[in-house]
Number of protein chains: 2
Amino acid sequence: MEDLLSALRHTLGDAHVLTASGDTAAYLTDRHGRLHGRALAVIRPADTVQVAAVVRLCRAHRTPIVPQGGNTGLMGGATPDPSGRAVLLSLGRLNRIRAIDPDNDTITAEAGVVLAQLQDAAHEAGRLFPLSLGAEGSCTIGGNLGTNAGGTQVLRYGNMRDLALGLEVVTADGEIWDGLRGLRKDNTGYALRDLFIGSEGTLGIITAATLKLYPLPAVQYSALLAFDCIRDAIAFLSQARAGFGAALTAFEVISDTALGLVTRHVPEQAIPLTPGRAWYALIELSDSEGEAHARARFEAVVGQAIEDGLVADATVAESLAQSQALWALRDQALGVAQQRDGGNLKHDISLPVSRIPDFLAATAAALQRHFPGVRPVAFGHLGDGNLHYNVSHAPESTPAALFADEAAINELVHDSVHAHGGSISAEHGIGQRKRGALLRYKSPVELALMRRLKQAFDPLGLLNPGKVLPDSPTEISP
Amino acid sequence: MEDLLSALRHTLGDAHVLTASGDTAAYLTDRHGRLHGRALAVIRPADTVQVAAVVRLCRAHRTPIVPQGGNTGLMGGATPDPSGRAVLLSLGRLNRIRAIDPDNDTITAEAGVVLAQLQDAAHEAGRLFPLSLGAEGSCTIGGNLGTNAGGTQVLRYGNMRDLALGLEVVTADGEIWDGLRGLRKDNTGYALRDLFIGSEGTLGIITAATLKLYPLPAVQYSALLAFDCIRDAIAFLSQARAGFGAALTAFEVISDTALGLVTRHVPEQAIPLTPGRAWYALIELSDSEGEAHARARFEAVVGQAIEDGLVADATVAESLAQSQALWALRDQALGVAQQRDGGNLKHDISLPVSRIPDFLAATAAALQRHFPGVRPVAFGHLGDGNLHYNVSHAPESTPAALFADEAAINELVHDSVHAHGGSISAEHGIGQRKRGALLRYKSPVELALMRRLKQAFDPLGLLNPGKVLPDSPTEISP
């Protein structure tokens, strides 16, 4: 492998082929410090041509490649296995915004651009790039594309696949596919773009993308609502979609249990509603007219729902500071509260919205039957049917006891999701942590089609091996 | 082949295996009567299980299959070749709406459901299915999916791929993939759904789909605007997107030349604006509040644009009848006028919106240079960059003379589209009529990836052969 390393150094320069453990450690451990991989080297190409060159070199040496963006993924998709055979390819230096076209409402950016930088660049051009998620200060566009990232604005703007018009990709052969089209309609062949998006670097390496921009809303308006049951929240979601139209850009729900963790562990977080209701929703209107119109619409739609008895209580953010406090509840306090509670078992799931009430009832009952006392901590993006359904330890027990049951609890939750027509990974992807579960929940027909795609695009199996696709039908775990 | 025919009769019943020319003729000629194919038989399975059974039978006999929906396609994608070797598989009997889920805003329908029926079923459930196009009274959901259909509402709701959440597909092996998920977020593997959509039956046969529904707008409001140049129309599009938000559901443009054909050939069509401007736009607001709000928004946004000098003239539809008359101009009169003018050479193209002015100027100049007197008749969906750029004969010449230059004119237009970063098929697909052109405009890398996909999913080449993919690198025509 010294041959490969010296060829890589020749191509990229010594400074961009890292082998000392002090230099590589941050790339080889996942964000949560749970997964530790090894690599022959961490390489940092400067541009697409260099990415193609190193793919050809690695291919000649039959050396696997693990692509990595901001290394913020939750499923271990960017962490190499412990064999040390692979090269870790960081896209971090491909960090240029290549073009902004306001008349076409598009931006073209390289894979290593940080999401927040892209949002800022769009904003400076008087446009909105709507993808928004917790890791936006460090995750990159390439990772967002590789995992088809979601976040809080999917209700209105869709996920990353919906926001991408064109891609530039380095194939497993080390060729460059220039698919950087800025077109909203293009029916000239197979959907290569959509296939590479969400494939987590297993079919090709995304090096740049042309993405959709939207007009900046004139004003954003947030409010916290309370509901007596999840069915009321769902009925109001339907009324809100009709009444607000596409101005409804977020509909986040938080269960009473989840809010209770915040009250207990993050007392400094303001919660401007009387507690004790079953569910809460943080909604956001993005209005194209202004403050007065947003307020009037809110009063009309929510006022009617209060009269109808659907909404039990409501409070609106009267200032930017109050609005930020509401979103801090959702974006920070909820996470901190779960950590301070000792951590829990996380499940990023989605369901048909209509089946969420039955799922919640059935899953809570099954958990109590098999793991008495554990607490479901549910919150998420009701508008897309995406729940973060986390399971916390029983109050009289310990987190350690909970984690000892991790496999069985994951299986119980995922079995219930599957039985209710849902997905075991709504927005975090598969990576290495959920690939075994695919064998349990995907049909043999679908797995066979996926394997054919992998074989067609990466016959040597060098692109991010051990990710997404289960190895073999004998590996079954939830 | 008598073996196959008797096996098909055994499986489907004699009445659904058609071989008499009186029975098969309508299936073997494309909608415009330009393409004539032959087939071993026209078969009409009743359900997905029968589709899978006939695919397995045809596979065992190495017999190609041409799937067909409403047979309204413009590119010959559903017309078999003249060899008579293939079986034409009509999906027309798979015409059930399987489920409507208003809380999840989804509808599940079989491939043979006519688009207008689906729109009606959604409407009865108090929901909108937004795909809308000229052939909606006879085209089917399966064909809409196979060609990733577009239409007039893409600006707001996206094309058919954006409207589909899940699919049921019969593979080339005759297996059934049940991917009928009603989920807005699902990141559990490769984008099979998006790959089958738009593949025109060459990778698998779509038998059913779960599709997105939207709230019905409270009111729709249409207006006709006039502009002194295309740049003004583009600048106003940007202002309208910001000012109307997602309420802007259509932005159709019509050039002066195109409108002139209507004036001349369809005098009964009302055109409620003084002629003589360079471009006209038919815009539609879908308002979630009501008539008064839509009118006030229209006056605010268009009033400002008139003050700014962007909009030269404007008239609003004051009644449903006036609104229908405006849309009749776009949907019927334009087509009739072109027919009465002797027909023309049609190009369904898309461009980055920002490059449309340069494209129009450069293409018109090149046409005049090489084909003096021919008239570009341009109209289309400016909001998506999708133009129908048709070329009519020179006034002193004849349609026949124009059609004699068809190949050269197509090549000139498509070369210009390609040079301006556009697509030679925005919403009509490739079929058999544009497949040769792919060799001219697609990179070898992209064609190779497409061929790998075809090989992976249909190694025997039995699914709709001769469609989408060019046969060989020697076949080059525009």
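1. Contact here means heavy atoms within 4.5 Å. The model is predicted. With that cut-off, A:Asp341 touches A:Leu261, A:Arg264, A:His265, A:Arg375, A:Ser392, A:His393 and A:Pro399, leaving aside residues up to four places away in sequence.

2. Where does A:Asp341 sit? A:Asp341 is in a loop of chain A, between helix H12 (320-340) and strand E16 (348-350). Its side chain makes a polar contact with the side chain of A:His265, at 2.8 Å. A:His265 is also among the residues that A:Asp341 touches.

3. Is A:Asp341 buried or exposed? A:Asp341 has a relative accessible area of 8%, so it counts as buried. The cut-off for buried is under 20%.

4. Look next at A:Asn148. Its phi is near 50°. That is a positive value in a residue other than glycine. A:Asn148 lies in the loop between helix H5 (141-146) and helix H6 (154-157) of chain A. Its relative accessible area is 2%, so A:Asn148 is buried.

5. B:Asn464 is found in the segment after helix H17 (444-457) of chain B. B:Asn464 is buried, because its relative accessibility is 1%.

6. Now the interface. The size of an interface is often given as the accessible area lost when the parts come together. Between chain B and chain A, about 6700 Å² is buried. Carbon and sulfur atoms give 53% of that area. B:Lys185, B:Asn187 and B:Tyr190 supply 16% of the area that chain B buries against chain A, more than any other three residues.

7. How many residues does the contact take from each chain? It takes 87 from chain B and 87 from chain A.

8. In one salt bridge, the side chains of A:Asp384 and B:Lys185 meet at 3.2 Å, N to O.

9. Which elements of chain B give two or more residues to the side that touches chain A? Among them are helix H6 (154-157), strand E9 (176-179), helix H9 (230-244), helix H11 (291-307) and H17. H17(B) gives the most, with 9 residues. The residues on this side of chain B divide into 33 nonpolar, 30 polar and 24 charged.

Technical notes: Residues are numbered from 1 along each chain as its sequence is written. Chains are lettered from A and ligands numbered from 1 in the order in which they are written. This is a predicted model: local features need pLDDT of at least 70, side-chain atom pairs count only at pLDDT 80 or more; totals for chains, interfaces and linings use all residues. Side-chain values use heavy atoms; hydrogens and water are left out. Helices (H or I, at least four residues) and strands (E, at least two) are DSSP runs, numbered from the N terminus. Buried means under 20% relative accessible area, exposed over 50%, partly exposed in between (1.4 Å probe, protein chains only). A polar contact is a pair of N or O atoms within 3.5 Å; within protein, one must be able to donate a hydrogen and the other to accept it, and residues adjacent in sequence count only if both atoms are side-chain atoms. Buried area is the accessible area (1.4 Å probe) that two parts lose on being put together, summed over both. A salt bridge is a side-chain nitrogen of Lys or Arg within 4 Å of a carboxyl oxygen of Asp or Glu. Ala, Val, Leu, Ile, Met, Phe, Trp, Tyr, Cys and Pro count as nonpolar, Asp, Glu, Lys and Arg as charged, and the others, Gly among them, as polar.
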